[in-house]
Amino acid sequence: MMEDQLRKLLMGLLAYAAQRDISPETLCRLSNITIDELQTGTRPLVAKQVGDLWLNAIHLSKDSLFGLHFGESLQLSALGIVGEIIKSSETVGGALTIAASLTHLITTAFKLEVKQHGTTFSVAFIPDSPEWQNSATAVQTLDLLMVFVIHELDGLMLKKIKPLGIHYARAIDNPAEYERVMRCQPVAEAAANIITFDQQYWNERIITANYELQSILLQKVTPTKTAPAEKQSLKNRIYNYLLANSYLGIVSLEDIAANFNISSRTLQRKLKEEGINFQQLADEARKSLAINYLKAGSYPVKEISYMLGYNELSAFTRTFKRWTGITPAIYQKNYN
């Protein structure tokens, strides 16, 4: 799932490069990857390819602030399902909180932490590595994330959001340009990377809010807890996690293992001891979700397919037919 979201972001980077008269084909060739591979995922991405895309984009654009300017232009649609979840949030506070929880699907270089402080609230950008300042990719990624937090809500609310403070835990070149993009004078070489906002924005309504959609994705299918988590079997805990976090789409074995703080191999072994494997669990969770959505009758089959993380309706249709023997369209028609 993370790689899918990263690929969407990198395709957005190529699209932005094209707007700056940089050939996406040249950029990919210099980075040892093809556009087709980025689009189809036929070859796993490696860290060097991602880093080279950033470095070559900076070189070809002759723009040392490429990440800052890319973030300024980035649209939520470039983030796929993550962007849709953000857009369906009710308030600014909700949008920023859920964006922070999903950052790991785009990058592991930084995690976001949202906190309220009485009359203000803040978004902190916490680096994964203490040496992040020595990595051009990490520096550009930080610029992208920080400016995106400010600009992601443009057009989604009836106010133009402006931060009270911008703090960078590094030196800044061209502070005037940072101030223009960030809508606030930045403070360089601070103790941490933090954006601070007036509390008035926290409950500001998002005009594209879709409470019903998020309610179904985040609450309706959450199973009733019949026992404390520590007393449940691992398979039940994972199954419940998959249901409760269905908005993430199709979660990988590696993501689940990391969430439960165990290795993928250990997770597979423990599930085998309980008579099941991860793929079977994931299938059961998606089947349950699909049937719930179809029974609700509120969404067309194509939208349900998208909500469950399938890129193609045909893939969802084949899978559902394997589960039930009939297509989702026929199931929905018969049920309703």
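Which helices and strands each supply at least two residues of the lining of the largest cavity? In this predicted model, they are helix H6 (81-87), helix H7 (92-102), strand E1 (110-116) and H8. H8 gives the most to that lining, with 4 residues. The lining has 18 residues in total, and Leu79, Thr103, Ile106, Leu145 and Phe148 lie nearest the centre of the cavity. By class, 16 of the lining residues are nonpolar, 1 is polar and 1 is charged. The space inside comes to about 180 Å³. The count of cavities of 30 Å³ or more is 2.

The overall make-up gives the setting. The protein has 17 helices and 5 strands. Of its 336 residues, 49% are buried. Among contacts with a separation of 6 or more, 66% are between residues 24 or more positions apart.

The largest nonpolar core contains 69 residues, and Phe70, Val92, Phe125, Tyr168 and Phe197 have the most contacts inside it. Helix H8, which spans residues 136-151, gives the most to this core, with 10 residues.

Phe125 can be followed in detail. Apart from neighbours within four places in sequence, Phe125 is in contact with Phe110, Lys111, Leu112, Leu142, Leu145, Met146, Val149, Asn193 and Ile195. One of these partners, Leu145, is also among the residues nearest the centre of the largest cavity.

H8 also packs against another helix. The axes of H8 and helix H9 (residues 175-182) come within 10 Å, crossing at roughly 35°. On the H8 side the contact is made by Asp143, Met146, Val147, Ile150 and His151, and on the H9 side by Tyr178, Val181 and Met182. Sorted by class, these residues are 6 nonpolar, 1 polar and 1 charged. Met146 takes part in this helix contact and is also in contact with Phe125.

The place of His69 is in helix H5, residues 66-73. Is His69 buried or exposed? His69 counts as buried because its relative accessible area is 13%, and the cut-off for buried is under 20%.

The open space remains. The largest pocket holds about 590 Å³. Of the 24 residues that line this pocket, Ala47, Val50, Thr107, Thr108 and Thr137 are the closest to its centre. Helix H1 (2-19), helix H4 (47-61) and H8 are the elements that give two or more residues to the lining. Which element gives the most to the lining of the largest pocket? That element is H4, with 6 residues. The pocket lining divides into 14 nonpolar, 7 polar and 3 charged residues.

Methods
Residues are numbered from 1 along each chain as its sequence is written. This is a predicted model: local features need pLDDT of at least 70, side-chain atom pairs count only at pLDDT 80 or more; totals for chains, interfaces and linings use all residues. Side-chain values use heavy atoms; hydrogens and water are left out. A nonpolar core is a set of buried Ala, Val, Leu, Ile, Met, Phe, Trp, Tyr and Cys residues joined through side-chain atoms within 4.5 Å. Buried means under 20% relative accessible area, exposed over 50%, partly exposed in between (1.4 Å probe, protein chains only). Contact means heavy atoms within 4.5 Å. On a 1 Å grid over the protein atoms alone, a cavity is a set of points where a 1.4 Å probe fits but cannot get out, and a pocket is an open set with protein on both sides within 12 Å along at least five of seven lines; lining residues have an atom within 4 Å of a point. Grid points are joined across faces, edges and corners, and a volume is the space filled by probe spheres set on the points. Ala, Val, Leu, Ile, Met, Phe, Trp, Tyr, Cys and Pro count as nonpolar, Asp, Glu, Lys and Arg as charged, and the others, Gly among them, as polar. Axes are lines fitted to C-alpha atoms, for helices over the stretch in contact, and angles run from 0 to 180 degrees between N-to-C directions.
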